[in-house]
Amino acid sequence: MEIKQDIFISASVPLNHLEEQFQTFLTDGLSHDVANAILHRDGPNEITANHTRWWEIAGRQFKSPFIYLLIVAAVIVYAIGEYIDALIIVGFVCINAGLGFFQEHKSEQSIRALEQYISLRSRVKRNNTWQIIKSRNLVRGDIISLVTGDAIPADLRVISTDHLVVNETTLTGESVPVLKNGATLDTPPDSIFESHNLLFSGTSVVKGEATALVLETGPRTAMGRIAKLTVETTKESEFSKGINRFSSLILRMVIVTLVLLFFANLVIKGGNVDIIELIVFCIALVVSVIPEALPVVNTVSLSRGAMELAKQEVIVKRLTAIEDIGSIEVLCSDKTGTLTENSLDVTDYSPNAHPELLLHAGLTIAEIVEKTEPFDIAIEKETIARRVFHDRNFHRLMELPFDPSRRRNAVLVREGSGTILVVRGAPEVIIALSSLSDRDRALVEQWISDKGKEGERTIALARRIFKGDKVSISPEDEQNLEFLGAISFTDPVKPSTFQAVHKAKELDITIKIVTGDSPEVAGVVGVRIGLLKDPGLVITGSVLQKMPEEEKIKAINQHAVIARVTPEQKYEIVKLLQKSHVVGFLGEGINDAPALKLASVSMVVESAADIAREAADIILLKKNLEVIINGIESGRSVFANSVKYLKASLASNFGHFFAIAMGSMFIPYLPMLPVQILLVNLLSDSPMISIATDSVDKNEIDKPGKYDFREIVLTVIVFGLIVTMFDLGFFVLFMNEGERILQTNWFVGSILVELVFLFSIRTRLPFFKGTRPSRYVLLISVVAAMSTVLLPYTIIGKDFFHFYPPSTLHLCIIFSMVFVFFGCSELVKYMYYKR
């Protein structure tokens, strides 16, 4: 999306034609009647967007195949009398729905954070009279007046100016204010950056005054379009996408298998089938195969990750972002304030500069308490650090303000009985007004050129000493100046940026700078932090905008630095990257908000604009980008443990599921009672849940975590078949021993198989080479194993679960089978991952 082209076209339309187009008068403004009619037609000058009602957000939390499975499972479990299990499953659903609702509803409030950037009142000309009105009542065609400090309330075309300088950081990310004038452009500009006679809502007047024509109001303004993109953009987490695919697969497999199982039993067993018992058995099978502990596993994993990050002063607003952050393949970052400090520093002085160059620069600083001009701030900071005004007493007599057409400002100061004119401005202008030898001019011009290639900004200073008592100056006095030298400035890169970029490369993450700053400055930053070898390898947003989509995608993937981008272009860049990558976005300005809202994982620093913080998933309280890398590592650990749970749970569940389905057709009784199946779930889920606390092999975090659907499904099938084979082995060994013996022995064996399988599948390495399991995994597994073996010998096990105490021989057979199973799973794992 791009700012409405009509606005850019207006920049090249003569003012008298705009007067006719908007049916207004540049001298008198609109009449009250006409303004009210336009207000009724276009609506108020307010930021609006399509808001989602709270009950719609609540309903969205339940639109997931996995949630459908859990709800069905809860109903089924309740129907067969397992009320506690049903309540637990419903609790899982409600907790997850509540968290999702809270986060989505909160993001809907982000629109309010933009309101502070719209001026509450404006000075407008109606019926040829200047008057103050509420900015919400401004309409297209109004003539308004702006002065220093005003927030610009709408998109405007400048009519006339007096030294107008505007801060457009909120839209462009450019840290240096820009000059504006009322001259009609020869051709329509391509973007905000070339719109020298246009003013945009949400920006502010740093210096000067202007009269302007209102072109657009409300949602049609630049700020309104950012609001629309930000509030109406929704995203689905990578975690949710993966889980939904698995849920759909499970649902299809279960339905098909149960239908086949039911009719196969009817055909094979004929009149001997107890229909009611078969239906209850099928219901229990459905419950057994659903990984109902997955929400708990993820909640525990994510909560632990959030607590770890909190220790590093990182606030996680959306819990699932911790897992999503581990999937990041491309990290897009704004430059100003994110990779750099968003402040200018003095870096160097031109060759043969006057010893008092910095002192004279300090004399040109604006005499206001709250400095707003970046050059003034940098010079003041340097003069204080070097104590250049120590024991010096200057008195300012007069000032010629900065003029965009003159590209300089001047001050007249007195020290003792001497009077000095100091002129500061663009180097080429100051050099032209000064007396310099050809050699010195060449040296300075070469220095300025070199600094420009390094992405640094420069200003020059000159002076003229007057004899006698001079109290006023005019532009005619700015001649025959003594050239003092030039000063270079840079927006320094944050020290943490270098380490963060280096670590990102180690973690196989592609870094891209997406900034509103100039290509020269952005290119130099790219070189400094190691993303570029040549500062010229930068592409701009306007160049991208003219490309067909296929070429645009190719260019975005090839270039590490994209400069001069608008908020809409940032949004589009993220959108196109997400066609093939999981994208993280790091920013801090209002202009970053739409892209932050769209990105898979959005991160901001604590000093970010309110709207950016509202749109973000993660907030960094420290301006240290290394914590992002730590967060990515934490996210990859959480992701790896989630995949472990899926593989272990689904392989075990489906292995038992198919074994029971097949066994029920040739065994004259049920190989396991419904209540026993549910108990298997309870005892095996506890160790499965503890996997959330497990340690992770280093090779699991070297690459971005990604739900490789085919790999996980193949793993589940391969290891599920091993589980099925050993289950069928239990059937063959014990089916002739009697109903209760088979059910008891297979109950003990199936849980022990699941426990040892968990220790095998938790690492791709041989189990003795992998990282040591967490103490929680070890402790809970031991407790679950002991409970499983001892339960059949208890009164509850005998009377309630209908177990028969296994003999010593049978226990030896069971343990031997489990040991062989573990060896087979390790052997298959070795062969599987080797290939």
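In which loop is R387 found? R387 sits in the loop between α14 (374–386) and β11 (395–403). Helices (H or I, at least four residues) and strands (E, at least two) are DSSP runs, numbered from the N terminus. The phi of R387 is positive, at about 55°, although R387 is not a glycine. Most residues other than glycine have a negative phi. R387 is exposed, with a relative accessible area of 55%. Here buried means under 20% relative accessible area, exposed over 50%, and partly exposed in between (1.4 Å probe, protein chains only).

The model is predicted; local features need pLDDT of at least 70, side-chain atom pairs count only at pLDDT 80 or more, and totals for chains, interfaces and linings use all residues. Residues are numbered from 1 along each chain as its sequence is written, and side-chain values use heavy atoms, with hydrogens and water left out.

The protein chain holds 30 helices and 22 strands. Of its 835 residues, 56% count as buried. Contact means heavy atoms within 4.5 Å. Among contacts between residues at least 6 apart in sequence, 75% join residues at least 24 apart. The chain exposes about 35,600 Å², and carbon and sulfur atoms supply 58% of this area. Accessible areas come from the Shrake-Rupley method with a 1.4 Å probe; for residues, only the protein chains shown count as cover.

Eight strands form an open sheet in the order β8-β22-β21-β20-β9-β17-β19-β18, with mixed pairing. β8 (314–316) and β18 (539–540) stand at the edges with a single partner strand each, so one side of each lacks a neighbour in the sheet. Two strands pair if DSSP finds at least two bridges between them. Strands β17 (residues 510–514) and β19 (residues 561–563) pair in the parallel sense over two bridges. I513 has V561 of β19 as its bridge partner. Helix α24 (residues 626–666) lies across β8, β9 (330–333), β20 (583–587), β21 (601–605) and β22 (618–620). α24 runs at about 145° to β22. Such axes are lines fitted to C-alpha atoms, for helices over the stretch in contact, and angles run from 0 to 180 degrees between N-to-C directions.

Past β19, R564 lies in the loop between β19 and α21 (567–577). R564 also has a positive phi, near 50°, in a residue other than glycine. R564 is partly exposed, at 23% relative accessibility.

Helix α18 (residues 519–528) packs against this region. Its buried residues are in contact with α16 (438–453), β15 (457–466), β17 and β19. V521, A522, G523, V524, V525 and G526 of α18 are buried. Just after α18, G530 takes a positive phi of about 90°.

A further group of strands involves β1 (residues 121–126). Six bridges join β1 to β2 (residues 129–134), and the two strands run antiparallel. K125 has W130 of β2 as its bridge partner. β1 and β2 form a hairpin with two residues between them. In the turn, N127 has a positive phi of about 50°. β1 also pairs with β3 (residues 143–146), in the antiparallel sense, over three bridges. V124 stands opposite I144 in β3.

The whole structure contains 25 salt bridges. A salt bridge is a side-chain nitrogen of Lys or Arg within 4 Å of a carboxyl oxygen of Asp or Glu. E216 and R140 meet in one of them (3.6 Å, N to O). E216 lies in β7 (residues 204–216) and R140 in the loop between β2 and β3, so the pair ties together parts 76 residues apart in sequence. E216 is buried, at 3% relative accessibility. R140 is partly exposed, at 22%.

D694 forms a salt bridge with R762, with the closest N and O atoms 2.7 Å apart. D694 is in the loop between α25 and α26 (709–734), and R762 is in the loop between α27 (739–761) and α28 (775–790), 68 residues apart. Both are buried: D694 has a relative accessible area of 5%, and R762 is at 4%. Salt bridges that share partners also join D348, K451, E454, E456 and R528 into one network. E454 is partly exposed, at 36%, whereas K451 is buried, at 10%.
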